[in-house]
Amino acid sequence: EVHAAPVDHLGEQVFCSLIIDVTEKIQTVESLEEKTKWLHRFVDGTNEMLYVKDDEYRYLMVNRAISNFFNKATSEIVGLTDFDLMSLSSALQCLETDQAVLEGGKAVVQEEKIGDEYFETTKFPLQLNENKMGIAGIVRNVTARKQAEAQLIHVADTQSALRKFAEETLQTCTISELYAASYRLVSNVMPRRNFHVVTLDKEANQIVVPYYMAELDCIPRCR
């Protein structure tokens, strides 16, 4: 880096130059720029939604996943609040947890359903500068996990119903009691009111469909 200026020396004008070695400065700047690129690649390389808000709940930084979720460019989201981007009820819910983070000074984890999808949000306080705190957030789509949990619960309920069915079957005295027990237990694990209880008549070599009747059922024919 060269600085030069004209000066008067013994009645003559000469140039005085100052040469500064700025190699280290340039290397530092280049290193920071490279690290900034790494950071952007890191936050944009995940499917999790990452963001930073200021103490007025405006977005300061969002990653690509947030942009995709709101279907807006990053530059369009920065400076906005949740009230500019989502429904009033959802924005109020976000505001409540944002305030809890700033006032409580600790992380808050919340799970919420938006449409048909489930999201788990972790928010925590972030020091923006010496005098200002902000909010950092990580949002994960946990729909697949919730569906798997629901499926496990359904399987457990089904297994429990089958055990009870086996126990009650041993205690039934008539075929009507068997059909009643079948209807009562299976209806606890199936989202239907009416279903067939199929039996095999070995002597006649035919499948019989006796039916336990609910108020909307009709009697089917045996076949």
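The following questions and answers cover pockets, a cavity, aromatic pairs, a nonpolar core and backbone angles in a predicted model.

Student: Which element gives the largest share of the lining of the largest pocket?
Tutor: The largest pocket has a volume of about 290 Å³. Of the 20 residues that line this pocket, Val-43, Leu-50, Met-61, Val-62 and Asn-63 are the closest to its centre. At least two lining residues each come from α1 (23-44), β3 (49-53), β4 (59-62), α2 (64-70), β6 (117-127) and β7 (133-141). The largest share, six residues, comes from α1.

Student: How many residues of the lining of the largest pocket are nonpolar, polar and charged?
Tutor: The class of each residue type settles this, with Val, Leu and Met counted as nonpolar, for example. Sorted in that way, the lining of the largest pocket divides into twelve nonpolar, six polar and two charged residues.

Student: Which element gives the most to the lining of the second largest pocket?
Tutor: The second largest pocket has a volume of about 160 Å³. Its lining consists of Asp-44, Thr-46, Asn-47, Met-49, Arg-64, Ala-65, Asn-68, Phe-69, Glu-117, Phe-119 and Asn-141. Two or more of these residues come from each of α2 and β6. With four residues, the element that gives the most is α2.

Student: How does the lining of the second largest pocket divide by class, and how many of its residues are charged?
Tutor: Among the lining residues are Asp-44, Arg-64 and Glu-117, and Asp, Glu, Lys and Arg count as charged. The lining has four nonpolar and four polar residues, and its charged residues number three.

Student: Which element supplies the largest share of the lining of the largest cavity?
Tutor: The structure holds one cavity of 30 Å³ or more, and the largest cavity has a volume of about 250 Å³. It is lined by 20 residues, and Met-86, Cys-94, Glu-112, Thr-121 and Val-139 lie nearest its centre. β3, α2, α4 (88-104), β5 (108-114) and β6 each supply at least two lining residues. The largest share, four residues, comes from β5.

Student: How many of the residues lining the largest cavity are nonpolar, polar and charged?
Tutor: Glu-112 is among the residues nearest the centre of the cavity, and Glu counts as charged. Over the lining of the largest cavity, the division is twelve nonpolar, four polar and four charged.

Student: Why is the pair of Tyr-51 and Tyr-59 edge-to-face?
Tutor: The structure holds three aromatic pairs. The ring centres of Tyr-51 and Tyr-59 are 5.5 Å apart and their planes stand at 75°. Planes over 60 degrees apart count as edge-to-face. The angle of 75° therefore makes this pair edge-to-face.

Student: Are Tyr-51 and Tyr-59 buried or exposed?
Tutor: The cut-off for buried is under 20% relative accessible area. Tyr-51 has 5% relative accessibility, and Tyr-59 has 3%. Tyr-51 and Tyr-59 therefore count as buried.

Student: Which element supplies the largest share of the largest nonpolar core?
Tutor: The core has eleven residues: Met-49, Tyr-51, Tyr-59, Val-62, Ala-65, Ile-66, Phe-70, Ile-77, Leu-85, Phe-119 and Val-139. β3, β4 and α2 each supply at least two of its residues. The largest share, three residues, comes from α2.

Student: Where is Asn-71, and is it buried or exposed?
Tutor: Most residues other than glycine have a negative phi. Phi of Asn-71, however, is a positive value near 55°. Asn-71 is in the loop between α2 and α3 (74-77). With a relative accessible area of 70%, Asn-71 is exposed.

Technical notes. Residues are numbered from 1 along each chain as its sequence is written. This is a predicted model: local features need pLDDT of at least 70, side-chain atom pairs count only at pLDDT 80 or more; totals for chains, interfaces and linings use all residues. Side-chain values use heavy atoms; hydrogens and water are left out. On a 1 Å grid over the protein atoms alone, a cavity is a set of points where a 1.4 Å probe fits but cannot get out, and a pocket is an open set with protein on both sides within 12 Å along at least five of seven lines; lining residues have an atom within 4 Å of a point. Grid points are joined across faces, edges and corners, and a volume is the space filled by probe spheres set on the points. Rings of Phe, Tyr and Trp (its six-membered ring) pair if their centres lie within 6.5 Å; planes under 30 degrees apart count as stacked, over 60 as edge-to-face and the rest as tilted. Buried means under 20% relative accessible area, exposed over 50%, partly exposed in between (1.4 Å probe, protein chains only). A nonpolar core is a set of buried Ala, Val, Leu, Ile, Met, Phe, Trp, Tyr and Cys residues joined through side-chain atoms within 4.5 Å.
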